[in-house]
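Opening my notebook on this one. I'll jot down what I looked up, one topic at a time.

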Amino acid sequence: MDPHDLADLDGGATAIQAPTPIKRGPTGLVLSIVEGPERGQSFELLPNRAAPLLIGQSPSCDVKLSDKHVSRRHASLEMVKGRVVLTDLESTNGTFVDGISILGAYLRGDESLRVGATGFRLTRRDVAAPPSLPHGVEPRFGKLVGSSRELGRLFSLFRKLAVSDVPVVIEGETGTGKEVLAESLHDAGPRSGGPFVVFDCTAVPASLMEAELFGHERGSFTGATATRKGLFEQASGGTLLIDEIGDLDMSLQPKLLRVIERREVRRVGGTEAIRVDVRLLAATRRDLDKAVQEGRFRDDLYHRLAVGRVELPPLSKRIGDVSELARHFWAELGGAPPGPPAEVIAQWERASWPGNVRQLRNAVARRIALGELGDDFARDLEIAPSQRGGASDDGDIIASVIAQKLPLPLARVRVIEAFEARYIAAVLAEHNGNVALAANASGIARRYFQILRSGKRRL
């Protein structure tokens with residue numbers, strides 16, 4: 001290997017740089033196992049593949065290995081803007097390319113790879129260029145909008161999952177649209193006439209989760225003044241989305257598994273088994289495989305949930321979707337025709353969008369509400385840490401905002417943001433971090449309390 005092909009990455013990892021592109025058709029890859037228990041198997045990685053090719057022991061991996069030296073999710077291969085990227089997923093025993101230990105590497109498509117005691121050979125082949133979207137397919141699925149290749153190539157998978165009744169795990173960063181996808185799967189499926197119910201694991205204290213999901217009988221615990229159906233019963237005939245399932249309390253996980261297997265619930269304090277007919281979807285921002293490996297999530301529950309699995313790409317990887325989404329949100333939120341100014345869209349297209357689609361929607365709403373002031377608001381919105389945590393008094397916050405000489409509408413928003421942040425921190429501290437009690441004491445719904453807590457209630 002030419003030493004000029006090697007470059008250091010942050011943290012000392014080695015990246016094998018792709019050579020000057022060869023002018024020919026798009027390249028697909030074949031990953032062949034040449035050593036190890038699964039020797040002889042091969043797998044394709046095509047340019048239009050919707051998600052990374054996962055390698056590991058987990059049943060959710062595309063390349064499932066029985067090698068005991070391999071981690072559950074050991075490594076991934078994917079095409080990123082025409083380049084082949086191999087990533088070690090914090091494996092125990094490391095990932096090697098031509099004998100070199102790597103954290104991340106760009107590959108040519110003619111290397112030897114090793115994970116654990118399993119050896120691979122990666123070879124390349126030319127394939128026909130895939131269209132951005134299949135001919136005649138709308139650039140959306142339900143409420144999920146986007147014509148980028150990164151999202152569009154998932155639409156056929158979404159349609160297949162919608163008409164099935166299997167459980168699905170939806171993975172993705174915060175704000176990528178996991179709940180939107182779940183509702184769209186429900187609306188496009190045979191259960192669309194039934195209820196769509198959402199349970200947010202981050203919005204309910206562990207002590208109340210069981211009663212919330214499965215219901216309770218009158219007098220079964222303090223405050224249970226009447227019999228109440230749980231969310232499984234409420235969703236019967238339709239779909240139940242368990243949002244942020246990676247935060248589900250460990251003590252409740254075996255009970256949820258039992259409900260999935262038996263299709264029946266028993267209310268808290270009750271003795272009768274109640275049949276339920278529910279399609280279960282789960283969403284998470286966490287790596288559930290890693291949670292299983294660390295003992296924070298049950299392996300058997302994960303297997304039952306991840307019959308179908310979808311990973312939503314972050315907005316930063318959805319090339320071309322920012323402008324399309326911005327126009328869509330502008331019309332949806334009542335913005336004046338013809339839409340966002342071209343220079344604003346160009347600015348949005350250059351942004352990194354760590355909050356993904358939700359953050360973009362907020363930016364569009366802010367621009368509609370504040371006009372050009374919204375641009376200054378976006379650049380200078382974050383309150384200093386000392387102003388968020390209570391280290392300075394109210395006079396200091398107000399004086400600081402006044403000193404910035406902002407227009408009155410923007411200054412008012414800044415002060416309200418600081419007040420809300422301090423109020424939420426204080427009421428949480430008063431109730432020992434119990435979100436349900438803090439929300440009740442605040443006189444607002446738990447879900448809105450969580451939004452204020454995350455600091456995402458933006459104009």
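In what sense do S5 and strand S7 pair, and over how many bridges? I found S5 and S7 (residues 75-80) antiparallel, with 3 bridges. Strands pair here if DSSP finds at least two bridges between them. Helices (H or I, at least four residues) and strands (E, at least two) are DSSP runs, numbered from the N terminus.

Before going on, I noted the ground rules. This is a predicted model: local features need pLDDT of at least 70, side-chain atom pairs count only at pLDDT 80 or more, and totals for chains, interfaces and linings use all residues. Residues are numbered from 1 along each chain as its sequence is written, and side-chain values use heavy atoms, with hydrogens and water left out.

**Entry: around S5**

Buried means under 20% relative accessible area, exposed over 50%, and partly exposed in between (1.4 Å probe, protein chains only).

**Entry: the parallel sheet**

I traced an open sheet of 5 strands in the order S17-S20-S23-S16-S24, with parallel pairing. S17 (196-200) and S24 (308-311) are the edge strands with a single partner strand each, so one side of each has no neighbour in the sheet. From one strand to the next, the twist averages 20°. Axes are lines fitted to C-alpha atoms, for helices over the stretch in contact, and angles run from 0 to 180 degrees between N-to-C directions.

Which strands does helix H2 lie across? H2 (residues 155-163) lies across S16 (168-171), S23 (279-284) and S24, and runs at about 145° to S24. Contact means heavy atoms within 4.5 Å.

**Entry: aromatic rings**

I got 3 aromatic pairs in the structure. Rings of Phe, Tyr and Trp (its six-membered ring) pair if their centres lie within 6.5 Å; planes under 30 degrees apart count as stacked, over 60 as edge-to-face and the rest as tilted. The rings of Phe 141 and Phe 158 have centres 5.5 Å apart and planes at 45°, so I logged the pair as tilted. Phe 141 sits in strand S14 (residues 140-141) and Phe 158 in helix H2, so this pair ties together parts 17 residues apart in sequence. Phe 141 is buried at 5% relative accessible area, and Phe 158 is buried at 0%.

Next I took Phe 214 and Phe 232: their ring centres are 5.9 Å apart with planes at 35°, so that pair is tilted. Phe 214 belongs to helix H4 (residues 206-214) and Phe 232 to helix H5 (residues 231-234), so the parts tied together are 18 residues apart in sequence. Both Phe 214 and Phe 232 are buried. I also noted a cluster of Phe 141, Phe 155 and Phe 158, linked by ring pairs.

**Entry: whole protein**

Last, the totals. I have 17 helices and 24 strands, and 45% of the 459 residues count as buried.
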